[in-house]
Structures are given as structure tokens and as C-alpha cells.
Amino acid sequence: MRKLLAFVFVFVSLYSEFQAQSICGGSSYTIVPTTTITGTPSYTLNPGNFSPNGNGNFVVSPGSTTSYTLLSSSGSATASSVITVTVNPQPSSNPSFTQATCTNSFNAVNLGLTFSPATPPPAYTLSWTPIPANLSSPQQFTTTNLTPGPYSVVVTAGSCSLVIDFTINPQPAPAIYSVIPFGGIYSITCVQQTLELIANNPNNTYTWTGASFLPVQSESISLNATHLGTLSVIGQNTVSGCTKTYTFLLAQNISNPTASLSTNLINITCLQASAPTLTAIATPSINVTHKIYSPQGGTFSATSYTTIYSPGGPGTYTHVIVDDANGCSSQRTFTVATNDNYPTFSVSSLNNFTLGCNTKSVITIDIVGAATTPTAGGPVSYSFVLPGGTVTVPTGTTPLSGTSSNTNVSTPGTWTLIVKDNTNFCETQTQVSVLLKNTPPNIGAIVPNQILDCNVRKVIVEGVSETQGVGYLWNFVPPPGSPNSIASNTISVLINTVAPTTTLINTYTLTITDINNTCKSTSLIPMYQNTFPPTASITSGGSNSSSLTCLTPTIVLTNQSKTSIPANSVFTTNSLVIGYVWEGPSPQEPLQLSSTYTAGTVGMYTLTAKDLNNGCIASGTYSVIDNRRYPEVDAPPAVKKDYTIDCGSNFTTLAPTILPGSGLTYSWSGAGVVGNNDKKTFDVTAPGNYSVVVTNTINGCVTKEVYKAITGSLTAVLGSDVESGYAPLTVNFSNKSYSSLDSSNVFGLWSYGNGSISGITTGTVFVPGPISATVASSAKYTQAGTYTVVMFAKKGACIDTAYKVIKVELPSSLVIPNVFTPNGDGINDLFFLKATNLSSVDMTIVDRWGRIVYELVSESGNIEWDGKNAEGNDAAEGVYFYVIKTTGKDGVTNDKKGTINLYR
């Protein structure tokens with residue numbers, strides 16, 4: 001007994017199992033027992049110094065892959081399980097951000113990735129939504145200059161993952177404004193003693209500061225000589241709070257120039273041979289203008305520091321010297337006297353004697369109110385001397401002389417206007433300077449990007465001019481139904497999405513017009529776009545295969561995309577077309593920024609290619625089909641079955657249904673099988689399990705199936721034409737025995753239960769027994785009773801026995817006595833019928849007069865008459881007559897009549 005217990009102990013203690021589980025770092029796993037032993041076990045777990053418990057559940061949180069041993073014990077029996085908990089790296093993130101500020105558009109994110117456990121360093125990928133423009137690999141976790149907006153990053157390391165959501169804020173809107181008029185240094189001068197400055201963006205608030213006044217919160221400020229010094233204005237965006245400071249200098253320049261005149265009095269006569277002159281000399285000698293105002297009107301101007309002037313009529317003249325730098329001036333008068341009668345008049349011009357551009361390139365000078373002296377109303381004539389003409393007293397008809405008192409002027413310079421008294425021939429002249437101010441305005445344009453692409457899809461082009469008082473107009477070829485011009489200093493230029501391969505978006509004509517002189521400057525600004533989408537192309541790594549097989553369970557898809565930017569264009573094509581995003585059918589995970597993608601799932605794959613030359617993207621697809629056709633072994637509608645080595649046979653043929661019918665190899669294994677046995681069917685001679693490995697040589701797919709060969713059985717079946725009857729009974733027997741596969745060659749030995757046998761010759765040698773309806777074996781049973789017939793069936797080594805029970809009964813019969821003595825002595829007191837196997841008896845007894853004394857119907861077959869009549873009285877002695885009708889259980893009927901002698 002002790003040896004037996006020791007054996008059992010050793011057996012149980014060696015019983016163990018191995019399990020493997022995976023968790024992500026930082027997670028827990030509950031270990032539960034899977035081995036069972038009887039009794040009330042106690043469980044311990046190592047390593048970890050866990051306290052034993054009675055249920056075997058232990059919560060573990062390993063920091064790295066650990067193998068635990070769970071030991072269960074009950075009495076002397078023990079069982080153990082080894083559970084290896086694999087700890088996969090769990091990503092975690094502590095992101096840090098740099099957001100754009102009012103003064104800096106730079107932004108950045110560092111996802112701060114760490115993994116638990118940290119060693120060995122795990123392989124991981126990042127999937128960004130959306131993808132930053134400057135991302136270079138699926139592992140890059142620090143990036144800069146992100147487009148503002150929400151981001152989601154999925155970090156995947158093996159089976160563990162982490163989702164990081166964050167938002168990059170847009171740069172706060174700056175405070176944008178300009179101070180009008182433009183400039184950094186302003187002056188208080190003689191002509192501008194008050195300076196009005198305006199900040200031109202109403203979306204800001206403004207604060208003006210200076211040492212000589214308290215802060216002023218207003219969009220504009222009025223400054224004068226009391227505010228000289230360094231001043232500033234701070235504009236603040238009312239939404240973002242961003243500020244911009246503009247600092248400027250306010251100075252003063254009010255120095256007056258001086259001038260000396262060669263004389264203060266000039267005498268003239270109508271008969272002078274030449275006109276007298278006046279010389280004026282200015283101080284300072286530069287940036288000065290001499291202006292002489294005659295009594296007739298108009299102004300003579302000269303910009304040299306010394307000028308000579310010839311007065312042409314009597315009156316008081318005013319000489320003004322102007323410092324062109326500050327507008328300050330000083331003046332003196334001089335007098336032209338005469339004793340002659342000069343005609344009088346005045347001159348005027350709507351444009352103040354100034355030529356400009358376009359409609360202002362011609363002005364009209366009018367001589368107004370010409371009159372003779374001393375008596376008005378005399379005839380006069382008019383003359384206009386072009387610039388460059390000789391300053392003399394003309395005689396006779398002068399150029400442009402006539403009766404017209406005005407003329408159209410398009411030539412700048414000093415014009416001489418003459419009115420002649422046609423009676424005394426005295427001429428009054430005045431010199432008028434016609435100024436030319438046709439300088440076109442300064443023109444420029446700020447074009448941030450002249451070539452737009454998929455990265456920069458819109459740009460604001462701004463027209464600029466240093467000339468004050470200008471208007472802006474953009475002209476271009478518009479889309480149908482749209483205006484062809486915009487009156488604004490800015491214009492929005494967008495890429496042409498309708499025609500992405502068109503290189504010229506439009507040619508924009510910027511016209512800047514000086515409102516004072518209508519002079520214009522134009523500039524042509526062609527805007528281009530590089531929006532050629534790349535040609536997305538995918539190949540299967542050079543194998544030109546798009547099928548997954550068992551030999552090639554994965555296909556490496558390769559980015560072969562190319563740029564479609566024309567090589568001879570102005571656009572650069574020195575960058576790559578990258579695999580931006582790969583996407584495949586589930587459960588394939590997307591992959592970003594990769595040249596290759598491993599496809600292991602049947603379906604459609606999409607590559608979004610991005611041309612780094614212009615930021616444009618295009619998609620291409622690649623279909624991976626399934627060529628992993630496994631051999632179909634006993635596939636529906638075929639039914640897998642066991643194969644039988646039938647009784648009397650020494651083999652069976654394993655013949656499964658296998659598709660396809662060609663290109664397959666077979667390897668059978670099992671009892672008695674040697675080698676590969678490369679054939680579709682296989683003969684086996686012994687029962688047992690046999691396996692076949694079917695290999696599709698075209699795609700390498702393998703199917704394995706197991707079949708069972710079993711020993712056949714014999715079922716003995718004994719047939720008979722009847723199973724019961726009445727003696728003498730003959731029964732015909734038949735051998736209906738069958739084996740697992742058929743009923744041929746079944747031998748039988750018969751024992752009929754009545755002492756006779758058949759089907760055997762000598763000893764235990766079996767001979768063929770009847771197996772069909774045409775061959776029968778019979779036995780005759782002459783005595784009533786129950787007989788058990790036994791048939792011993794044999795086929796090959798199989799033996800079985802069948803039994804049949806035959807029931808034999810006596811035939812129906814009836815014995816009728818002819819006398820009875822119902823006297824109560826207990827001897828022959830009843831008329832008793834001795835019946836055998838009757839199913840019904842109908843008896844009527846009458847006396848000799850024909851009266852019914854007794855009648856009875858019975859189904860038992862055993863009836864009697866006690867000698868009493870129908871009234872219950874003793875019948876008289878004598879002879880009685882009976883009629884008896886019977887039916888036997890064997891179906892035999894009898895009608896019997898006779899007499900009965902009754903004695904007392």
C-alpha cells in the first residue's frame with residue numbers, strides 16, 4: 001500500500017501546465033489556476049512573495065516579462081502551472097508645446113514619448129491626423145510650424161497604443177495699422193503749423209504718448225509746435241490684445257528766407273525800345289523759389305536763387321521768396337510807374353496755371369476785363385507769347401495775336417500775355433509761369449508668393465505707393481460673369497482648382513493714379529500656380545505579383561509615384577514624391593510617410609502620394625487578390641467518414657474527396673505507413689488514425705486531414721416467417737445477417753430449440769447458411785411450448801449471435817359429457833365442458849318439450865350447467881338436448897348437438 005501511495009504522489013507532483021499571457025506595461029493580470037486536484041488545495045505564487053490563498057487568484061503587475069509558478073497542494077498531492085506574462089511596451093506621453101505669440105509665428109510640439117518598460121527600445125509608429133507638412137517619418141515625435149488646429153496622434157507599439165489629442169493655437173492676430181500721412185519724421189513748418197495724424201485701422205484701439213502731453217486715446221491726433229520731440233502711438237488689436245508701437249519724431253522748421261531786389265521803382269513808356277528788368281537774389285541759395293505777382297494776376301515763378309524779371313505794365317508788384325523745404329517766405333514790393341496810358345486787364349486759369357496728365361494736360365488761360373485808359377471801351381487786341389519767345393515790345397501783329405482773349409496751353413514755362421490798345425498802340429504785358437506737375441505716382445507691389453501651389457493656395461497682393469493722395473485699381477481677365485477690375489489697394493489671388501495644370505493664374509495690372517494731377521503708373525504682375533498633382537503609382541516591390549499565396553503571405557508595396565511638373569517649366573523639381581499615407585483593408589493599420597507598405601490582407605490598397613515640390617497630393621490604388629486556395633479535403637457536399645476494414649477483409653482504401661484535381665502532392669502517415677506515399681488514395685491494413693497532408697504545389701497552401709480506419713462489425717439477424725402458431729407448427733427461418741459493408745459470405749450455425757441443428761458439418765466448422773429469401777431452413781414443432789432458436793453468424797473473424805423465440809400452442813378442442821348427477825354429493829354434480837383454446841362458446845339446453853332450460857355465451861371456453869332451470873329450480877331428471885357452437889383461438893369453428901342425461 002505504501003508503494004502505491006508513493007507512486008501516486010510522484011505522478012501528481014509532476015503534473016504541470018504552461019500558459020502564456022500578454023499585457024501592456026503598467027497593466028495588471030489576474031492569474032487563475034487551471035490545474036485541478038482533489039481536496040481543499042492551497043495556492044502559492046512565485047516570484048513576488050505573494051501570501052498563499054485558497055482560490056489561486058493572484059493579481060500581478062510585472063514591470064517586465066516574468067514567468068510565474070503557481071503551485072497548488074492538497075495533502076500529499078501537488079500540481080503546478082507556469083504562467084509567463086509578457087509585458088509589451090506601453091507608450092505614455094508628456095507633451096510640451098510652443099504656441100505662437102503676438103510677435104512670433106513659431107510653434108512646436110514635443111510629444112515627450114516614453115515607454116514602460118523602457119528597455120529594450122520598442123519599435124513604434126505615429127499616425128497623425130492631420131499630418132504635419134514637415135513630418136519626415138512615422139517615428140518623428142517633435143515637429144515645428146504646424147498648421148493651427150486640433151491634432152490627434154495614435155502611438156502604436158506592438159499591441160499597445162496611446163491616443164494623444166492636442167490643439168495648436170493660431171498666431172494671435174497682430175495689430176496692423178499705418179499712420180497717415182506716411183513718414184517717420186514730421187515737421188511743423190510755415191505752411192503746416194498743425195499736423196493731423198490718423199491711424200487707419202478701426203479694429204484697433206490707439207494710445208498716443210509724448211513728453212509734452214498726457215496720453216490720448218483716439219484714432220487720430222492733432223499736433224503743433226508745442227508737441228515737438230519723440231512721440232509714439234500704441235495700437236492694440238481689440239480681439240487678440242496684440243500691440244504694435246509706432247515711434248516718430250516731430251520737429252520744427254520755420255526759418256524764413258530773404259531776398260534782395262535790384263530796384264524798388266521802374267519807369268516804363270510805350271515807346272521804349274526794350275523793357276526794363278529787375279534782378280532778385282535769394283538767401284539761402286538753394287531750394288528756393290522766386291514768385292512775382294503782377295497787378296494783372298498770374299504768377300511768375302523761377303527756382304534759381306537769382307532771377308531777372310521784366311515787368312510789362314504799370315502797378316505795384318509783389319516779390320515773394322519761398323523756402324521750398326519748409327514753405328516759409330518773405331516778401332517785398334516794387335513799383336512800375338508810367339505817364340502813358342497802358343490798357344488794363346487781369347488773367348485767370350481754372351487749374352491755377354498748372355499742367356498735369358490726361359484731362360489736365362491742357363489748361364486754358366483767360367485774359368479778363370481788358371480796358372483802354374484813361375477812357376475805357378477802346379479797341380484792344382490780344383497776344384500770347386510762347387515760352388522761349390523774346391521779351392520785347394512787339395510791333396505789329398505778334399504770335400497768336402487776335403481778338404481771342406484766351407488760349408489752350410499744353411506747354412509749360414513762362415508765357416507772356418499782351419493786351420494792346422489799338423488806338424495808342426500801348427501794350428500791357430504780364431508774365432505767367434505755367435507749371436508742369438506730371439510726375440507719375442510712385443508704384444510698387446508686395447507679392448508674398450508669385451508662384452502659388454498646394455501649400456500656399458491663396459495670397460494677398462498689395463499695391464503700395466509713397467505718393468500721397470493716390471487711388472488703386474486692379475485689372476485682370478475675369479471668370480465669366482465676374483467683374484474685370486477691383487478698386488482696392490489689395491487683391492486676393494487664389495489657385496485655379498478647375499484647371500490645376502494651368503501655370504498662369506492671371507496677369508494683374510496695377511494702376512496707381514495721382515488724384516491731384518491724374519497721372520498714372522502701371523505695373524504688370526503675372527501670378528503663377530504650380531498645382532500639378534503627382535502621378536501616384538504603386539508596385540509590388542518588383543515582383544509584379546498582386547496575389548497573396550501560402551508561399552508569399554505578404555506583399556511589399558512600393559511607392560513609385562512621380563512628379564507631373566513639366567521638366568522644362570519655371571518650377572523646380574528637385575524634391576521627391578513621397579508616400580504620404582498608406583491605407584489598406586481592415587485589419588491593416590494606416591501608415592504615414594513611408595516608401596513601402598506590407599500588405600497581408602486581401603483587398604484594395606490606397607496610396608496618397610505627396611509631391612514635396614508643390615505640396616500637391618494624388619491617390620493611387622492597388623488591388624491585392626487572394627490566391628491562397630487551400631486543397632479542399634472532403635469539403636461540402638462531401639462528408640468526412642470513417643473507413644472500415646470489413647469482416648473477412650484485410651484492408652480498406654482511404655479515398656477522400658480532394659480539390660483541385662491537379663497540382664497536388666500527398667503525404668500519408670499513420671500505422672504502418674513509411675515515407676510520403678504521394679498518392680491520392682491509400683490502402684491501410686490495420687485500424688487506427690491516418691493523416692494526409694495535401695500540398696498545393698502552385699501556391700504552397702497545405703491542408704491536413706485525419707481519417708480513422710476501424711474494424712468492421714457483424715450483426716446477426718435471424719428471420720422467420722412466423723413466430724407463433726399451433727401444433728404441429730412448421731417455421732421457415734432465414735439468415736439476414738450483415739457486416740459493416742455488405743451481407744455476403746456470412747456463415748451460420750442453427751439451433752432450433754427442439755433438439756435439432758443445421759448448418760454445421762463437423763466440430764465448429766461453419767458452412768454457408770441461407771442469405772436470401774429463396775433459400776430457407778425450417779423446423780417443425782409438434783408440441784406446445786416456447787422454443788428459443790439460436791443462430792451463430794460468422795464472417796471472417798467476426799462472430800455474432802441472433803435469437804428468435806417461437807411460441808407453439810395446442811389446437812382448439814371441446815369434450816362434452818353425456819350424463820351428470822347434480823345431487824349434491826360432490827361427484828359429477830355439474831355438466832362441465834372441457835374446452836381447449838376456445839375463444840367463444842354459445843350453448844343452449846332445452847327439455848324434451850323444446851323449452852329452453854339453460855343458455856350461456858362465454859369467451860373463456862370453459863362453461864358448466866348446475867342442473868337448474870331458468871327459474872333457479874332443480875330441473876327434473878331426464879334427457880335434455882343441447883346445441884353448442886364454438887370458435888377456437890386457432891380459428892376452427894364447431895356446431896355440436898346432442899343429449900344429456902340428468903340423474904339425481
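Is Asp626 buried, partly exposed or exposed, and what is its relative accessibility? Asp626 comes out as partly exposed, at 45% relative accessibility; the label covers everything between buried (under 20% relative accessible area) and exposed (over 50%), using a 1.4 Å probe and protein chains only. Keep in mind that this is a predicted model, where local features need pLDDT of at least 70, side-chain atom pairs count only at pLDDT 80 or more, and totals for chains, interfaces and linings use all residues. Residues are numbered from 1 along each chain as its sequence is written, and side-chain values use heavy atoms, with hydrogens and water left out.

Asp626 has a charged partner: its side chain meets that of Arg628 in a salt bridge, at 3.0 Å from N to O. Such a bridge needs a side-chain nitrogen of Lys or Arg within 4 Å of a carboxyl oxygen of Asp or Glu, and that rule gives eight salt bridges here. Arg628 is partly exposed too, with a relative accessible area of 28%.

Now look at Glu723 and Lys804, whose side chains also form a salt bridge at 3.0 Å, N to O. This pair ties together distant parts of the chain, 81 residues apart: Glu723 sits in the loop between strands E63 (718–720) and E64 (724–726), while Lys804 belongs to strand E72 (residues 798–809). Strands here are DSSP runs of at least two residues, numbered from the N terminus. Glu723 is partly exposed at 44%, whereas Lys804 is buried at 14%.

Further along, Lys868 bridges to Asp874, with the closest N and O atoms 2.8 Å apart. Lys868 is partly exposed at 31%, and Asp874 is partly exposed at 47%. Elsewhere, salt bridges with shared partners join Asp646, Asp742 and Lys795 into one network.

Methods: Helices (H or I, at least four residues) and strands (E, at least two) are DSSP runs, numbered from the N terminus.
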